[in-house]
Amino acid sequence: MTIRVLVADDSRLSRRSVIKALPPELEFDISEASNGKEAIQLLEKSDYQLMLLDLTMPEMDGVGVLEHLTGAQRKPNVIVISADFQPEKQRIVMSLGASKFIRKPLDKEELAMTLFELGYL
């Protein structure tokens with residue numbers, strides 16, 4: 001089964017790092033967004049099962065993306081991957097519907113464990 005994934009991060013290097021960290025035993029159809037507005041546009045055009053979302057991005061940050069998704073009929077599981085791991089920030093993103101919060105730099109095994117917890121592995 002192919003999992004449709006949206007990776008949203010303003011850093012191309014970070015997006016590449018996240019994509020490389022995805023477990024090779026799963027098949028992914030990956031789209032990329034370099035800011036929150038672009039992520040919202042892609043979410044409105046296609047169904048994604050999973051979004052790997054950075055918090056700090058230009059134009060619209062990750063919190064803005066999560067706020068936009070609040071109440072949406074279709075929304076992917078969202079794993080926030082951020083260097084901003086203040087407890088209050090984690091509380092906010094989880095209250096907005098994020099499935100999990102992972103710290104940057106990304107730990108490949110933590111991502112795999114999170115995907116397992118969410119039922120992808």
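Arg-15 is buried in this predicted model, with a relative accessible area of 10%. Its side chain forms a salt bridge with Glu-32, and the closest N and O atoms sit 2.8 Å apart. Glu-32, for its part, is partly exposed at 26%. The pair ties together distant parts of the chain, since Arg-15 belongs to helix H1 (residues 12-21) and Glu-32 to strand E2, 17 residues apart. In total, the structure holds nine salt bridges.

Another of these bridges joins Asp-54 to Lys-104, with 3.5 Å between the closest N and O atoms. Here the partners are 50 residues apart, Asp-54 in the loop between E3 and H3 and Lys-104 in the loop between E5 and H5. Asp-54 counts as buried because its relative accessibility, 5%, falls under the 20% cut-off. Lys-104, at 23%, counts as partly exposed. Then there is the bridge between Lys-100 and Glu-117, whose side chains meet at 3.6 Å, N to O. This pair also links distant parts of the chain, with Lys-100 in strand E5 and Glu-117 in helix H5, 17 residues apart. Lys-100 is partly exposed, with a relative accessible area of 26%. Shared partners join Asp-9, Asp-54 and Lys-104 into one salt-bridge network.

Lys-104 also takes part in a backbone feature: the peptide bond from Lys-104 to Pro-105 is cis, with omega near 0°. Pro-105 itself lies in the loop between strand E5 (100-103) and H5. A further backbone feature turns up at Glu-59, where phi is positive, near 70°, although the residue is not glycine. Most residues other than glycine have a negative phi, and most peptide bonds are trans. Glu-59 is in the loop between E3 and H3, and at 61% relative accessibility it counts as exposed.

Glu-59 turns up again in the surroundings of Asn-35. This asparagine is placed in the loop between strand E2 (27-33) and H2, and its relative accessibility of 9% makes it buried. Neighbours within four places in sequence aside, Asn-35 is in contact with Met-57, Pro-58, Glu-59 and Met-60. A polar atom of the Asn-35 side chain also lies 2.8 Å from the backbone nitrogen of Glu-38.

Next comes helix H3 (residues 62-69), which is mostly covered, six of its eight residues being buried. The buried ones are Gly-62, Val-63, Gly-64, Val-65, Leu-66 and Leu-69. They pack against helix H2 (36-45), strand E3 (50-53), strand E4 (77-82) and helix H4 (87-95). At the N-terminal end, Asp-61 caps the helix, with a side-chain oxygen 3.2 Å from the backbone nitrogen of Val-63. After H3 comes Gly-71, which has a positive phi, near 85°.

H3 also matters to the count of the largest nonpolar core. That core has 21 residues, and the members touching the most others are Leu-43, Met-51, Leu-53, Leu-66, Val-80 and Val-93. Two or more residues come from each of strand E1 (2-8), H2, E3, H3 and E4. H3 gives the most, with four residues. Leu-66 in particular touches Leu-53, Val-78, Val-80, Val-93, Leu-96 and Ala-98, leaving out residues up to four places away in sequence. Apart from this core lies another, made of 17 residues, among them Ile-3, Val-18, Ile-102 and Tyr-120.

Met-113 sits in helix H5 (residues 108-117) and is partly exposed, with a relative accessible area of 46%.

Residues up to four places away in sequence not counted, Met-1 touches Glu-27 and Gln-49. Its C-alpha atom is separated by 31 Å from that of Ala-83, 82 residues away along the chain.

Methods. Residues numbered from 1 in each chain as written. Predicted model: local features only at pLDDT ≥ 70, side-chain atom pairs only at ≥ 80, totals over all residues. Heavy atoms only, no water. Buried < 20%, exposed > 50% of the residue type's maximum accessible area, 1.4 Å probe, protein only. Contact = heavy atoms within 4.5 Å. Polar contact = N/O pair within 3.5 Å; in protein donor to acceptor, adjacent residues only side chain to side chain. Core = buried A, V, L, I, M, F, W, Y, C linked by side-chain atoms within 4.5 Å. Salt bridge = Lys/Arg side-chain N within 4 Å of Asp/Glu carboxyl O.
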